[in-house]
Amino acid sequence: METPRVGIPDRLASRMTMPEQHAYLREKIGRRGLLRAGTLAAGTVAGAGLLGPSAATAGATTAAAPAFLPSSASAAVRVDGSLVAPFGRHLAFGADPKTMMSVSWQVPFAVKNPCLRVGLKPWDLSQRIKAEVRSLHTPSLSAKLPAVDQYYLHVSLERLRPGTTYYYGVGHDGFDPADARHLGTVGTFRTAPARAESFVFTAFGDQGVSYDALANDQVILGQNPAFHLHAGDICYADSSGQGLPADTYDARVWDQFLAQTESVASRVPWMVTTGNHDMEAWYSPDGYGGQNARWSLPGGGLDPVKSPGVYSFTYGNVGVVALDANDVSHEIRANTGYTDGAQTRWLDRRLGELRADKDIDFIVVFFHHCAFSTTNAHASDGGVRDAWVPLFDKHRVDLVVNGHNHVYERTDALRAGAVTRRVPVGESVSSVRDGIVYVTAGGAGKALYDFPVPDSYEGHVADVESVPSYHWEQDGAKATKATEMVEWSRVRYTGFSFLAVEVTTGHRPALKVSALAESGERVDHFTITR
């Protein structure tokens, strides 16, 4: 006879996530039963969460400050704060990566006095900073999905020392990260150096939650990147991706995703932008309310609340620009034109400022929808080509990274969409003399797409003269496919992968770009110089 786990049979609890257990208790036991279960029920749910407390903490019986779970009922569930474990930590740069860092995390219940502790030694987290709480309520959107309450905590650190490693812990009343029992939860981050030096960054798009996504994360961690760029379609809580109120949506997928990426994102700034699956229509404004609750990003020339995926930052000799391609897409129209041209005007100004900065050698732009891709699924977006490619040419952008198509593909060097120089595997290209290389790095973890011609990648080169493809055009209110034969598809790989970019400085700076499969095998490499 199995022993019930505070109303959840072991055979169910052993394979349920924290949100699923929470939903089970709320729906099956009901408010009165949950209140009777008291601290024991709350502790069991938290302890079985995605980032559980240590054995010593789980067995503690000392009185601790309670946390509270609000609900539509007049009463609140009292939860022992010592048994509520933070999870899903993720970092992001502030406007100046040399001196600013944002730390974000999640708790399964509302807690009292959430905070971050930070210091220069793991045993001396002497500075305590109060966290901002951003709660997010998602109603029951179908008969199969419960209503979900999520609690995200954020601390923005300023006046940090450049090029310095910091240690941090997150907690609340009853869960002090500076306590010796919780030293295993202490994380680290490093600020950007005061002067440019060589470093590595990584990038991909379209991750979701899967074994392949997790495998990519672990290979990324092995590159020791200074930061990671996520080019949209982050977790796929919205599986439909049309940005419409009728889209299928399960907010609990975010809990799984943030737990999955924590091993990397808790130590590597995880810089995201918005894809079509990130337009979660039940949150205002423009479907980005969920993004604003979960992420703290640097902001840019636009309102960061209305356009959270539009910003820029500088790290060493590289200027990075994040864009929201939902604003210009011809394919998926839910948010097309929502900035009324403001994003494109800001992009023109910002690229000009970066190119005029004598300390910046390279400009990297990343966003979701592809300017140039040949997959059978989405191919290229004519809206992106029309609005932004002329600006990339005007300001001599060095590298453009996209997602959306779940493959790896890269172009030759292009100007105005035409090939100016072929760039086979292993070749060097001058972004000033030859043009821009566009990379689709959408093989982060979701189900893969296919090409109309064979793959061609390092060790398996199968060049073709041209590829039959299409791009999305706008015909009134309708998106249509315009067929085309393209000559710029140089490398194609149908597999899970990501980009690793080694940045060098000095008299002849370079971007040494590699595409790595989830196994760690290299499938492409080329070098960008100026």
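Biologist: What makes strand S6 (residues 101–107) largely enclosed by the rest of the structure?

Modeller: Seven of the seven residues of S6 are buried, so the strand is largely enclosed. Buried means under 20% relative accessible area, exposed over 50%, partly exposed in between (1.4 Å probe, protein chains only). Strands are DSSP runs of E with at least two residues, numbered from the N terminus. This is a predicted model, where local features need pLDDT of at least 70, side-chain atom pairs count only at pLDDT 80 or more, and totals for chains, interfaces and linings use all residues. Residues are numbered from 1 along each chain as its sequence is written, and side-chain values use heavy atoms, with hydrogens and water left out.

Biologist: Which residues of S6 are buried on each side?

Modeller: Met101, Val103, Trp105 and Val107 are buried on one side, and Ser102, Ser104 and Gln106 on the other.

Biologist: How do you know that S6 pairs with strand S10 (residues 148–157)?

Modeller: Two strands pair if DSSP finds at least two bridges between them. Seven bridges join S6 to S10, and the two run antiparallel. Trp105 stands opposite Leu153 in S10. Strand S5 (residues 87–93) is also antiparallel to S6, with five bridges, and His90 stands opposite Ser104.

Biologist: Why is Cys115 called buried?

Modeller: Its relative accessibility is 4%, so Cys115 counts as buried. Cys370, at 1%, is buried too.

Biologist: How many disulfides are there?

Modeller: A disulfide is a pair of cysteine sulfur atoms within 2.5 Å. By this rule the count is zero.

Conventions. Helix = DSSP H or I, 4+ residues; strand = E, 2+ residues; numbered from the N terminus.
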